[in-house]
Amino acid sequence: MLQGTLHTPDATMRAYVEAVDAIVAAGHDPVATTRMVEQAAQNLIPSNYEVPAGLRTEYPSAVYTRNLVYSDPELRFAVVAIVWGSFRESRIHDHMNWCVVRCLAGTCFETSYSIVDDAVCNGRAEVCVSGGRLLQQGGVLGIVPPPRANLHRMANAGWPVLVTLHTYGDPGTRARVFDPVERSIEIVNLQFHNLLP
Ligand SMILES: [Fe+2]
């Protein structure tokens, strides 16, 4: 039984969120939690899953739209559907905690980065590309906690709309963003467009 509000009537999303709630409640370490949430995202969401209209809605002025599915009242996790127009992309960022991404529709491209100067000093860091991968519809990727393994940029790899489902090991409202040219770092607050008035 979920203690918080599910922002969609969709039964698949309810089953998935309930499974994540149970995994998080079991109190595993972050790496084990990431792997178990990955499995839940793979097993509980069909590959031909149709994203509910309320989670596919795009906010006109946003680079990409973040629609909240569920926020745990105890702030342990959040589930967010992100809608990306053609070739839209995020800034380079990392995650304060673990994160699992499931591609619900379209094709996603993830570029991974490394920090090459060994310390993040005075709010600055130099980064370089360390890899890239395509995530097709139905694909899942797990991102383990910082400091090293989770610096990336997400992008819609094509013309059709991309929808990705992100499960964060925190409220999903903050990210550390890197500007690769300026070598600057900033903490940004992220909003949920489906909750805006
Ligand atoms: Fe991310």
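Me: What is the order of the strands in the open sheet of 5 strands?
Reply: This is a predicted model, in which local features need pLDDT of at least 70, side-chain atom pairs count only at pLDDT 80 or more, and totals for chains, interfaces and linings use all residues. Residues are numbered from 1 along each chain as its sequence is written. Strands (E, at least two residues) and helices (H or I, at least four) are DSSP runs numbered from the N terminus, and two strands pair if DSSP finds at least two bridges between them. With antiparallel pairing, the order of the open sheet is β1-β2-β9-β4-β7.

Me: Which are the edge strands of this sheet?
Reply: An edge strand here pairs on one side only. The strands concerned are β1 (64–71) and β7 (140–143).

Me: By how many degrees are neighbouring strands of this sheet turned against each other on average?
Reply: Axes are lines fitted to C-alpha atoms, for helices over the stretch in contact, and angles run from 0 to 180 degrees between N-to-C directions. For neighbouring strands of this sheet, direction is ignored, and the average turn is 20 degrees.

Me: What angle does the direction of helix α2 make with that of β7?
Reply: Helix α2 (residues 30–44) packs on the sheet and touches β4, β7 and β9. Its direction and that of β7 make an angle of about 165 degrees.

Me: At what angle to β1 does helix α1 run?
Reply: Helix α1 (residues 11–25) lies across β1, β2 (78–84) and β9 (162–168). Relative to β1, helix α1 runs at about 65 degrees.

Me: Which residue is the bridge partner of C108 in β8?
Reply: Strand β5 (residues 108–115) pairs in the antiparallel sense with strand β6 (residues 127–135) over 8 bridges, and C108 stands opposite L135 there. β5 also pairs in the antiparallel sense with strand β8 (residues 152–156), over 5 bridges. In β8, the partner of C108 is N156.

Me: What radius of gyration does the chain have?
Reply: The radius of gyration is taken over C-alpha atoms, and the globule rule is 2.2 Å times the number of residues to the power 0.38. For 197 residues, a compact globule would therefore have a value near 16 Å, and the chain agrees with 16 Å.

Me: How many helices and strands are there in the chain?
Reply: From the N terminus on, the elements run α-α-α-β-β-β-β-β-β-β-β-β-β-β. The chain holds 3 helices and 11 strands.

How values were computed:
Contact = placed C-beta atoms within 7 Å.
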